[in-house]
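Subject: A structure for you to explore

Hi there,

Here is the structure I promised to pass on to you. Have a look at it first, and then read on for my notes.

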Amino acid sequence: MTVQTTNPVDISPIHADDRDRDLDPIWRAIVAESRTRANDIHLPISFAFAERLCDAYPDADALVVRVAILLHDTGWARVDETRILSEGFTGDWRKADVRYEHERHGCDIAREVLPPLGYDDEFVARVTDIIDGHDTRPESHSLEDSLVRDADRLWRFTPAGIALASGWFGLTPAEYCRRLRSEIVPELLTEAAVQMAEAELARSEVLLKTEQLS
């Protein structure tokens, strides 16, 4: 069941503002991990969507959501990059071993990075509970978990996400946009994310001329 909200939902083109500067020490700690699988594009865009989702769902612990989305895919840096493409985007890709591996490595990175920056064990556990299974676990365990999962998907609806992911899956942008509409929108867990996805996809299809280039 989609989580509803009575709060305003920002569906304008995604952008960042300066309010996320409090997490700059974490961003700087994962520079090396950001260089794999286009994380230096994926993570900031997903982070921006996570902040919007937190605005739409103020009952969520925004710090947990923001830190979890920032770190959720860092584990790809410890997976062989040839396996990421050969196993992570072909066949039954949702159940590929590399997807479980990157979640485990992401939890390890969170445990390495966060305590020296002053985060206590309880907070780190809440973050790793979300990272562990964010791709592979079929159900969400909390509102924070749902917001991270949705933010992780929302970046795919942007022109940058479409450009990168269509190449990973061997699809044209038009084919990938159709997949987004038929497969990914139904997976979204919150009403706000559905609104954001539909608005972002409509803009991307016009920009990328997917009707004309089908």
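Lys-209 sits in the segment that follows H10. Keep in mind as you look that this is a predicted model. The phi angle of Lys-209 is near 50 degrees, which is a positive value in a residue other than glycine. Is Lys-209 buried, partly exposed or exposed? With a relative accessible area of 46%, Lys-209 is partly exposed.

Now step back into the helix itself. H10 covers residues 191-207, so to speak a run of 17 residues, and reaches 25 Å from its first C-alpha to its last, close to the 24 Å expected at 1.5 Å a residue. Several residues of H10 are buried, among them Ala-192, Val-194, Met-196, Leu-201 and Glu-205. What do the buried residues of H10 pack against? Their partners are helix H2 (39-56), helix H7 (143-154), H8 and H9. A handy thing to remember when you look along a helix: an α-helix has 3.6 residues a turn, so residues three or four places apart point the same way.

Two of those partners, H8 and H9, also pack against each other. Helix H8 (residues 159-169) and helix H9 (residues 173-184) have axes 9 Å apart, at an angle of about 100 degrees. Angles of 65 to 115 degrees count as roughly perpendicular, and that makes H8 roughly perpendicular to H9. On the H8 side of the contact you will find Gly-161, Ile-162, Ala-165, Ser-166 and Phe-169, and they meet Pro-173, Tyr-176, Cys-177, Arg-179 and Leu-180 in H9. The residues of this contact divide into 7 nonpolar, 2 polar and 1 charged.

H2, another partner of H10, is mostly covered, with 14 of its 18 residues buried. From its first C-alpha to its last, H2 reaches 25 Å, close to the 26 Å expected at 1.5 Å a residue.

One is Ala-38, whose phi is near 55 degrees, a positive value in a residue other than glycine. Ala-38 is buried, with a relative accessible area of 16%. The other is Glu-33, which counts as buried at 13% relative accessibility. Which residues is Glu-33 in contact with, leaving aside its neighbours within four places in sequence? They are Asn-39, Thr-74, Ala-77, Arg-78 and Ile-109.

Ser-146 is buried, with a relative accessible area of 7%. Setting aside neighbours within four places in sequence, Ser-146 is in contact with Ser-140, Leu-189 and Thr-190.

The axes of helix H3 (residues 62-71) and helix H6 (residues 121-131) come within 9 Å and cross at roughly 55 degrees. That makes H3 oblique to H6, and H3 passes H6 in a right-handed crossing. Leu-63, Val-64, Val-67, Ala-68 and Leu-71 in H3 meet Phe-123, Arg-126, Val-127, Ile-130 and Ile-131 in H6. This contact divides into 9 nonpolar residues, no polar and 1 charged.

Enjoy looking around, and write back with any questions.

Best wishes

Methods: Residues numbered from 1 in each chain as written. Predicted model: local features only at pLDDT ≥ 70, side-chain atom pairs only at ≥ 80, totals over all residues. Heavy atoms only, no water. Axes fitted to C-alpha atoms, helices over the stretch in contact; angles between N-to-C directions. Helix = DSSP H or I, 4+ residues; strand = E, 2+ residues; numbered from the N terminus. Parallel < 35°, antiparallel > 145°, perpendicular 65-115°, else oblique. Contact = heavy atoms within 4.5 Å. Nonpolar A, V, L, I, M, F, W, Y, C, P; charged D, E, K, R; others polar. Left-handed = near helix turned anticlockwise from the far one by under 90°. Expected span 1.5 Å × (residues − 1). Buried < 20%, exposed > 50% of the residue type's maximum accessible area, 1.4 Å probe, protein only.
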